[in-house]
Amino acid sequence: MVINKLLSFKTPKPQKNISNLDFDISRRFFLKSLSACGVILISGCQTQPTRDPYIPKNYGGSDLIIPPPVDPIPQVEPVSDIPWNWYPPRGVEKNWTAIIVHHSATETGNMALFDREHKNKGWDGVGYDFVIGNGSDSGDGEVEVTFRWRQQITGAHCKTPDNWANIDGIGICLVGNFNNRRPTQRQMDALVKLTDFLQKRYRIPQSRITGHGETRGAHVTDCPGDLFPMVAFKSSLNF
Ligand SMILES: [Zn+2]
């Protein structure tokens with residue numbers, strides 16, 4: 001009893017304030033609810049309806065936006081005026097390190113004629129990798145590609161004691177005797193274009209581009225002839 005009395009004394013029931021408090025709480029709750037409804041109504045106008053979470057993601061229903069098919073990007077071939085047969089076949093390409101320029105020391109000729117001539121010497125065929133015609137037996141400035149280049153095999157155009165020039169050097173022969181006359185303009189244009197292609201492909205410096213007679217270890221020869229314009233040729237190279 002004493003405890004009850006003490007309790008009742010310590011915690012008097014606030015009879016008078018309950019109604020006011022309830023009203024206050026109800027009012028606040030009402031106002032808050034009202035403003036929340038307003039927010040929902042306003043925001044409902046601005047946002048898209050959310051997707052039903054129970055619809056699987058791969059559902060292809062009409063409510064999904066399916067992107068249109070994308071056209072593949074057209075493949076553009078690089079523009080190049082390099083003849084296809086200047087490129088060595090895949091898989092057998094050698095790491096060439098030098099270019100050696102020759103003349104045929106004949107007024108006329110072409111790859112097939114030199115091939116026959118060299119076979120008559122007991123070789124396995126024309127000794128060069130490329131032959132550039134002068135308009136006699138092939139076109140003026142026409143570049144013929146020999147079996148040696150196609151097969152990427154050792155040449156037979158520049159003998160040295162260790163045969164390095166035939167093993168590592170690319171042999172280019174211009175038809176003509178350049179002790180008697182200069183090569184044609186078209187021959188030189190073709191030679192510059194071919195040399196430029198080979199230089200860039202194998203990163204061959206100008207110091208490794210030589211006439212036959214000035215090649216390291218080569219036998220004494222005046223090839224490619226006194227009138228071959230070596231200085232002008234080298235100055236027209238860009239690599
Ligand atoms: Zn030569």
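Me: In what order do the 5 strands of the open sheet lie?
Reply: Happy to walk you through it! This is a predicted model, in which local features need pLDDT of at least 70, side-chain atom pairs count only at pLDDT 80 or more, and totals for chains, interfaces and linings use all residues. Residues are numbered from 1 along each chain as its sequence is written. Strands (E, at least two residues) and helices (H or I, at least four) are DSSP runs numbered from the N terminus, and two strands pair if DSSP finds at least two bridges between them. With mixed pairing, the order in this open sheet is β3-β2-β4-β1-β5.

Me: Which are the edge strands?
Reply: Look for strands that pair on one side only.

Me: How many degrees does the twist average from one strand to the next?
Reply: Angles here run from 0 to 180 degrees between N-to-C directions, and axes are lines fitted to C-alpha atoms, for helices over the stretch in contact. From one strand to the next, the twist averages 20°.

Me: Which helix packs on the sheet?
Reply: Contact means that the C-beta atoms of two residues, placed from the backbone, lie within 7 Å. The helix in question covers residues 185-202 and touches β1, β2, β3, β4 and β5. Its direction makes about 40° with that of β3, and its name is α6.

Me: How many bridges join β1 to β4?
Reply: These two strands run parallel. The number of bridges joining β1 to β4 is 6.

Me: Why does β4 count as largely enclosed by the rest of the structure?
Reply: A residue is buried if 20 or more other C-beta atoms lie within 10 Å of its own, exposed if 12 or fewer, and partly exposed in between, with C-beta atoms placed from the backbone. Gly-169, Gly-171 and Cys-173 point one way from β4, while Ile-170, Ile-172 and Leu-174 point the other way. The strand is largely enclosed because the buried residues of β4 number 6 of the 6.

Me: Which residue in β4 stands opposite Val-131?
Reply: Val-131 belongs to strand β2, and β2 pairs with β4 in the parallel sense over 3 bridges. Val-131 counts as buried because it has 27 C-beta neighbours inside 10 Å. Standing opposite Val-131 in β4 is Cys-173.
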